[in-house]
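Trainee: Could you take a close look at the loops with me? I'd like to hear what goes on there.

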Amino acid sequence: MSSRSERSQGRPDAGRVASHLAVMAAVAVVMGVLTACLAIPFAGLVGVAAKDVSKGMVNLPESLEAKDLSQKTRIYDVNGNLIASLYDQNRINVPLQSISRPMVKAIVAIEDYRFYDHGALDLKGTLRAFVTNQANGGSVQGGSSITQQMVKQTLLYQAETDEERKAATEETYARKIRELRYAIAFEKNHTKDWILERYLNIAYFGDGAFGVQSAARHFFSKNAKDLNLLEAATLAGLVKNPVGYDPIDNPERAESRRNVVLDRLAQLGVLSEKKAERLKATPLEETLKITNDANGCQQSQAPFFCDYVVNWLLKDPVLGDTPKERRTTLKNGGLNIQTTIDLDMQKAADEAVSSHVFPQDQAIGGLAMVEPGTGDVRALAQSRPMGTNKKAGETYLNYVVPKKYGDANGFQAGSTFKVFVLASAINQGIPLSTTINSPEEMLIPDEEFENCDGPYAGDGKGWPVSNSTGSGTFDLYSGTQQSVNTFFAQLETQTGMCEPLQLAEDMGVKVPLAQKVPSWILGVSDSNPLELAQAYATFAARGLHCDPRPVTRVLDAQGQPLKEFTSQCDQVMPGATADAVNSILRGVMEPGGFGQNIAIDKPSAGKTGTNQNNMSVWFAGYTPTLSTVAMVAGANQLGHWVSLNGQTVGGTTIYEAFGSTVAGPIWGDAMSAVSAKLPPEDFQAPPGDEIAGVLTSVPDVAGQSVEAATQTLETAGFTVADGGQVNSEVGEGLVAYTSPGGGTSLSSGDTVTLYVSTGYVPPPPTTTDGGGGGKGGKGKGRGKGRG
């Protein structure tokens, strides 16, 4: 009994020996075949199974396409500081030249030390693995070259179905041979350095780090090119089992594995045994310097600005034909997104909002900063943090941007809309000295208001309008500074509704059709801080309106420009008209004005806004170089409107809310904090008694060369801007039209944009269902001389 047991433990029985010998013989034949570059079929091998494998090999494609690896997208502020990263896999591809030599030596030593000496198949390693696997019950492990491992990782990475993922990881000889077929093709078509580079970029190093660059940044807070031998040995040891050897969760196993790599380097003569022992004595924890890479906007320094950028880019076809494709590009394309945010201004905005409105208040505070003349969005802040914890006041709704970018409806903007009537009155030549007797209450018949089609046809009941600021006789200065409702209602009967509504739209504020009623000037339409900030920036820029721009440039993964986002601007009113508005609104910030207590040390102008029942209050203010709008709106945790009256907001009870007392201090704190960054520019005074200034008609330059048109316009006193090419029947390279169009009256120095003809008008689309074509461009329809 004892001797039988000893025999069974000391050597395999006759059947096992025969099996091993058969396998070794088969392997020898297979090696010969593989060495001949898989000149299959496997005639004469060990039976039907080998023939099946042979048939499968023949049916395989000769090569495998190595698709680009996903990389994380990075979002930067205006000064090049990283503010957010977006990714599905935390990876940054780097060339082999940007990976330290110790890292290259360590990974080759532990994974495939003869990598540069053999082809796709390491015959010695594979034979050893076959024999070892048979001795251990037939498992299929080990023996893979770096090229084969890269193939496996590529197949797994590019798998699109569960079946493909299973095939890429199954422990079978068929998978090994399949990988070998592809490995041979890679070795034939690419250099060893290319293969090693892809391997180091595709490999998973654990704890969410894909590729050696992200692993170096994560575990050691340095770039892959700066890894030393000890750090390189740690990372090289991880690829075999990234979870089991995780330095954070399993530091003892990770250190032991690191030491195995160091021993291997010594065995191969890469370093001396003495140095290896010295390095092994260094505790792992002394080398680690963990940096966690934030993913997504929630962990950004400016979460709601980041969210705005993402949603803004998701609407741009340059990233893909569909929203799904664009989102994939954003998360996997390795883009470099350069934005307009200024982190100093963002910090000031965040601190101003958070100090006056708390996350769990029954109110929402928001603020937006926009640069006049460019539309660059410098800061976005709101009182409710980004997140899902509603009890803590968190939300994913972005209340400071338009609904299409933030999913929030916005809040009524109150008297901030009165400036559109004010500007229209000045533009129509109504003197600033015009006085209007404005009682505390009055009823104005519908027919006294004109819309674009004639007298306004309301419900016949007229507009009952009242003041909260008393009564009296006011001119354009005092009526605006005290925001007298009955004054502006009567001024609207003089300007009509058509021009102010069109001006509002030209300045980026769209009033829904159902709300185009006389009372629209009291801000009954929903708005948001960004929309109003870019509108008021138009006055600061002397009538030049620019669409909000959060992104200036997007680079692809290779650092090449994918798209440049230039400012989209139009002169929507004469500069002299804007000068007059600025002159009036700066009075709001001076003694006697509602904003006198929040004025800063730079010339500024502003307008308050308070809606009915004090549901929301606003302060829109600006200097010549920065437009800022602050808002506080009553809203419960579900986002439903409530009155601010009686609420405790920011630790203070509000008995009656006004724009100057509730929203104004937020504006004042934010602008005071950034005042040192603002140049000491002053507004340009309106020209004498001619309130609208000496206006000049824009010459009609359609059909002229760009050079001739530019000279004509500059001679007339205008600034000329390039609007790019447009399809037109006008000759190629000639001016198709201008914006504003020929005949429009503007002030000297105002901007006229040239649009140059391509000389081509595409034929209308052919349809079978009678449907129309796609959406057109952003034409204002005011130009003349179109082809």
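Mentor: Helices (H or I, at least four residues) and strands (E, at least two) are DSSP runs, numbered from the N terminus. This is a predicted model, where local features need pLDDT of at least 70, side-chain atom pairs count only at pLDDT 80 or more, and totals for chains, interfaces and linings use all residues. Residues are numbered from 1 along each chain as its sequence is written, and side-chain values use heavy atoms, leaving out hydrogens and water.

Start with P740, which sits in the loop between β27 (735-739) and β28 (745-746). The peptide bond leading from S739 into P740 is cis, with omega near -5°.

Next, find R91 in the loop joining β2 (82-86) to α4. R91 is buried but makes no salt bridge (Lys or Arg side-chain nitrogen within 4 Å of an Asp or Glu carboxyl oxygen). A polar atom of the R91 side chain does lie 2.9 Å from the backbone oxygen of S70. R91 also touches (heavy atoms within 4.5 Å) several residues beyond four places away in sequence, including Y157, N201 and F210.

Now two aspartates with positive phi. D207, between β3 (204-206) and β4 (209-210), has phi near 55°; D407, between α18 (403-406) and β8 (411-412), has phi near 70°. Buried means under 20% relative accessible area, exposed over 50%, partly exposed in between (1.4 Å probe, protein chains only). D207 is partly exposed because its value is 35%, while D407 is exposed because its value is 60%.

Terms used. Lys and Arg count as positive and Asp and Glu as negative; His and the chain ends are not counted. A polar contact is a pair of N or O atoms within 3.5 Å; within protein, one must be able to donate a hydrogen and the other to accept it, and residues adjacent in sequence count only if both atoms are side-chain atoms.
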